[in-house]
Amino acid sequence: MGTALQIKNLHVEVNNKLILKGLSLNIEHGEMAAIMGPNGSGKSTLASVLAGKEGYNVTKGYIKYLGNDLLKMPPEDRAAAGVFLAFQYPVEIPGVATSTFVRTSLNAQKRNRGEAELDAMQFLKLAREKAKQLEMSEDFFQRAVNVGFSGGEKKRAEVFQMSMLEPTLAILDETDSGLDIDALKIVAEGVNRLRDDKLSGIVITHYQRLLDYLQPDTIHILAEGKIVKTGDKSLALLLEEKGYQGIDGAN
Amino acid sequence: MKNLQHKYYEYYNSNKGFFPGIDINWLNDLREKAIDQFQKDGFPDKSVEEWNNFPYKDLTNNYFEPLSDNQAEIDLNLIEEKDPNCTIRLIFFNGQIVNIEYNQLPKGVEVNSLTYFLKNNPNFLKDKISSANKYAEERLSNIIDSRPQSIVAVNTAFHKEGAVIHIKKNVKMPGYIELMHIGEYNKNTMQHMRSVVYLEEGADCEILENIVHDNVSDLVFTSNVTDVHVSDDASLSLHRFIRGSTNQIHINNIHGSLHENSNFLSTSIINSLGQVRAENRVNLLGENSSSTIDILILGSQNAVIEGLTRVEHSKKNTKSDQKARIVLGENSKASFQGKIRVNQNSDGTLANMSSKSLLLSDKARVNSKPELEILADDVRCSHGVTVGNLSEEQLFYLRSRGISEVEAKKILVNSFGNIILDKLSDNLIERAKKIMLGYYNE
């Protein structure tokens, strides 16, 4: 195994307000970690900082991914290094077909890593295969990125992108929000299909339901900008029963 | 400026014998009336509403020679080859026709230069070249304001050449016709082209007016005015690609009359570094006629580019759509003025207009002005205007997938223009995309 991601004493300000206040977290290769926590505890901030969004000011601490100082890398280099964020609110891009977008992304990453790019035929073959697994019809390849997609379609499209880009660190930011039970199952199965000893994951969620499908290795409670409790899946069950009030340090 | 007006007037009167068609009475009258009108109105200044976005200082502060000895020969081998989808190409160099290319002229299609028609079939052109005032604005007060049209008056008085396209009844023209304009004009000269497009009943035709960027950046003033007649059940696409260098002033007018059940589509892509104004004035004169006018402005450096559309609904159940997309970088400026006028009794009108601008620099400026004048009751009209910068959210989304910042910006700029390009026919879409890509790589 070995540590894939190391976050140490992370302090992050957004608009001069301190949101993450000394967050530390280690994730092993192949580990799926769930992060739960009350609204406003900093879960989405963590996701954004990991992916490299602007406007997040790291005042203290560091993030190392596969030995690299992640905070020094622009978002595109992080992606090429294997970081993938499934957005809580996937962004609409009118005028850009989904297949063009995914192919451009995949080949940009490959170019960045010095690998051979996929031609149109190779790409289409792969995309068809992955779309089928996610029970997505192919006509969405030609639709503009996320434009006119339902909530479920958007999340499914995120998992589709993830399966095409084959990251080594997947961050799922409330990927279960807005999904009905059937869509949730398809999305979770899609994620499970990608799991192997190389893929580490951070699953941000409010609900036990997604964790039932994903069976994370560890569960971390984030409150007031820090990890206040770490445990196995029994922690999620305790949470479901007693709420954050029932967990030491989480209120 | 009064002096300049007078100088042009004097010039016309001492040199009118040198303009083609002097022996054709109706054309002579048209020219005379036009120069009189220009003598009265002069170039439009800031007091003319449609002209008050940006000053045309270079135009109004300089004298441009109407008949100069511009070079008239060009090495045709230097010109890019005719596009395989293009059926007929006319090449104009410095305002003179230098070549007409086609493999076989389709039956029922007549295409040639204006001077050819004036010599061989002048009666065909009678009433098809309109007076400068035909498309002038009738204000709500019933007063006709001729001043916005004074460039058309200059064109009417001084034009020397142009293209004539005549498509006969029920003829569907395969491919498209390209009117290519190349210029390497002498400094401080002007050149006016007057073209006529006439589609008989049921005819169908696609045309590209391609104004090519040249490498000379001397101050010159060019204008192209095209009179368009689309008969019942006919369908015309008339597109413009307009490029130009730093000191070039180019004013381009399309004047269209649309009859029953006819369709008109016009897409203009303007990517000049100089000062350009592209107008579309369209009258929906027949029931169920429809007009779609799209403009894509790509501004950079110190370019000043204006788009003006004016669609007049004069019969029942007519449709129109106007769309402007404006991308501006560096110090460039642009305006879009779009007007929908629905005359009395034109019930069942459906008219939409939208203008969106994307500013890539802090110094870029855009003015967007939608106007509706509705005199009928049963009408559906909409208009919308937005101005913004590149979306940080979209940029981050693309970058988070591995796409570099430069590439991500390029994708977003392209996608912004794609809504205009996507409506172009298969014949032209690749050429249009090339202009778009060229713009961002500049």
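Which residue in β18(B) does B:R310 stand opposite? The residue is B:K339, and the pairing belongs to strand β16 (residues 304–313) and strand β18 (residues 333–342) of chain B, which run parallel over 10 bridges. The model described here is predicted.

**The nine-stranded sheet of chain B**

- Chain B holds an open sheet of nine strands with mixed pairing, in the order β3-β6-β8-β10-β12-β14-β16-β18-β20.
- Its edges are formed by β3 (109–113) and β20 (365–374) of chain B, each of which pairs on one side only.
- On average, and with direction ignored, neighbouring strands of this sheet are turned by 5 degrees against each other.
- Helix α6 (residues 150–158) of chain B packs on the sheet, where it touches β8 (189–199), β10 (220–230) and β12 (248–258) of chain B. The direction of α6 makes about 90 degrees with that of β8(B).

**Strand β3 of chain A**

- Strand β3 (residues 32–36) of chain A is mostly covered, with five of its five residues buried.
- The cover extends to both faces: A:M32, A:A34 and A:M36 are buried on one side, and A:A33 and A:I35 on the other.
- Four bridges join β3(A) to strand β10 (residues 200–204) of chain A in the parallel sense. Within this pairing, A:V203 is the bridge partner of A:A34.
- Another pairing, also parallel and of four bridges, links β3(A) with strand β11 (residues 218–223) of chain A. Here A:A33 stands opposite A:T218.

- A:L20 lies in strand β2 (residues 17–28) of chain A.
- Its relative accessible area is 0%, and A:L20 is therefore buried, the cut-off being under 20%.
- Leaving aside residues up to four places away in sequence, A:L20 touches A:L10, A:H11, A:V12, A:S41, A:G42, A:T45, A:L46 and A:G225.
- The C-alpha atoms of A:L20 and A:T218 are separated by 20 Å, the two residues being 198 residues apart along the chain.

**Helix α3 of chain A**

- Helix α3 (residues 98–112) of chain A has 15 residues, which at 1.5 Å a residue should span 21 Å.
- After α3(A) comes A:G114, with a positive phi near 75 degrees.

**The interface between chains A and B**

- In the contact between the chains, 17 residues of chain B meet 30 residues of chain A.
- The two chains bury about 1900 Å² between them, of which 63% is on carbon and sulfur atoms.
- On the chain B side, B:F396, B:Y397 and B:R401 lose the most area to chain A, together accounting for 42% of what that side buries.
- Four salt bridges are counted between chain B and chain A.
- A:E54 forms a salt bridge with B:R399, with the closest N and O atoms 3.8 Å apart.

How values were computed
Residues are numbered from 1 along each chain as its sequence is written. Chains are lettered from A and ligands numbered from 1 in the order in which they are written. This is a predicted model: local features need pLDDT of at least 70, side-chain atom pairs count only at pLDDT 80 or more; totals for chains, interfaces and linings use all residues. Side-chain values use heavy atoms; hydrogens and water are left out. Buried means under 20% relative accessible area, exposed over 50%, partly exposed in between (1.4 Å probe, protein chains only). Helices (H or I, at least four residues) and strands (E, at least two) are DSSP runs, numbered from the N terminus. Two strands pair if DSSP finds at least two bridges between them. Axes are lines fitted to C-alpha atoms, for helices over the stretch in contact, and angles run from 0 to 180 degrees between N-to-C directions. Contact means heavy atoms within 4.5 Å. The expected span of a helix is 1.5 Å times one less than its number of residues. Buried area is the accessible area (1.4 Å probe) that two parts lose on being put together, summed over both. A salt bridge is a side-chain nitrogen of Lys or Arg within 4 Å of a carboxyl oxygen of Asp or Glu.
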